[in-house]
Amino acid sequence: MGLLDYLRKFKKPETEVRILILGLDNAGKTTILKNLCKEDVTHITPTQGFNIKSLAYNSFKLNIWDVGGQKSIRPYWRNYFDTTNAMIYVIDSSDRRRMEETGIELQQLLDEDKLSGVPLLIFANKQVTPNKPFSRINCLCSFRHFTFLYLQNISILQSNHYYSY
C-alpha cells in the first residue's frame, strides 16, 4: 500500500494533502522534492528554512514542505506539524557516523503528540550498494504513535541522472 493509497482512505477526493519532508542536513530532502517535481537536481544548495512545492496527482493536490535539517533549524520543525497529513523522513544511509543522530531526531518526531497517527514513510537515501536492504533503521527507534508505511531504499545519482525509487 502506497502513501497516497493510505491517504485516500481518510481524505475525500479532490483535496489538498500536506506532506512534510524532514531529515538531517545533507540527507537529500531537496533533491527528492525537486526530482518529484521534475526539476533540475544538478545544483542543489542547503535549505535555509524551507521549500514548498505543489503537485497535482490523481485527485490530490500535494503540498510538500521540505524543511531544512541543520541543527539550528530542527527546533523549529514542530511549527510545521499542524495539519500535516503525512511525513517523509529521509536518512543519508551512506553517512554511518550520523546514524545515532538521525535515530535520535526520528525518535523525537515519533514521540510528538501532534504527529500521532500521521503516516510515516522513511527514505533510506544514498544507497551505496543497490539491492542491499538498509537494516540499521530497525534499531534506531520505536514506532509508537505512527502508522509505519514502508522503508524505501532509494538512490539519486546526479552524475548520470539515474533515479531509483
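This note comments on the cores, the strand pairing and some loop residues of the structure above.

1. The model is predicted, with local features requiring pLDDT of at least 70 and side-chain atom pairs counted only at pLDDT 80 or more, while totals for chains, interfaces and linings use all residues. Residues are numbered from 1 along each chain as its sequence is written, and side-chain values use heavy atoms, with hydrogens and water left out.

2. The largest nonpolar core comprises 20 residues, and those with the most contacts inside it are Leu20, Leu22, Met87, Tyr89 and Leu109. Such a core is a set of buried Ala, Val, Leu, Ile, Met, Phe, Trp, Tyr and Cys residues joined through side-chain atoms within 4.5 Å, where buried means under 20% relative accessible area, exposed over 50% and partly exposed in between (1.4 Å probe, protein chains only). Two or more residues come from each of β1 (15-23), β3 (60-67), β4 (86-92), α3 (99-110) and β5 (119-125), and α3 gives the most, with four residues. Helices (H or I, at least four residues) and strands (E, at least two) are DSSP runs, numbered from the N terminus.

3. Leaving aside neighbours within four places in sequence, Leu20 is in contact (heavy atoms within 4.5 Å) with Trp65, Val67, Tyr80, Phe81, Thr84, Ala86, Met87 and Ile88. A second, separate core has 16 residues, including Ile19, Val90, Leu121 and Phe123. In soluble globular proteins, nonpolar side chains tend to be buried together.

4. Strand β2 (residues 50-57) runs antiparallel to β3 and is joined to β3 by eight bridges; strands are taken to pair if DSSP finds at least two bridges between them. Within this pairing, Lys53 stands opposite Ile64 in β3. The two strands form a hairpin with two residues between them, and Asn58 in the turn has a positive phi of about 50 degrees.

5. Ser93, in the loop between β4 and α3, counts as buried because its relative accessibility is 4%. A polar atom of the Ser93 side chain lies 2.4 Å from the backbone oxygen of Asn125, a separation that a reader may wish to inspect in the model.

6. Most residues other than glycine have a negative phi. Asn26, however, has a positive phi of about 70 degrees and sits in the loop between β1 and α2 (29-36), where its 58% relative accessibility makes Asn26 count as exposed. Lys38, in the loop between α2 and β2, likewise has a positive phi, of about 55 degrees, and counts as exposed because its relative accessibility is 76%.

How values were computed: A polar contact is a pair of N or O atoms within 3.5 Å; within protein, one must be able to donate a hydrogen and the other to accept it, and residues adjacent in sequence count only if both atoms are side-chain atoms.
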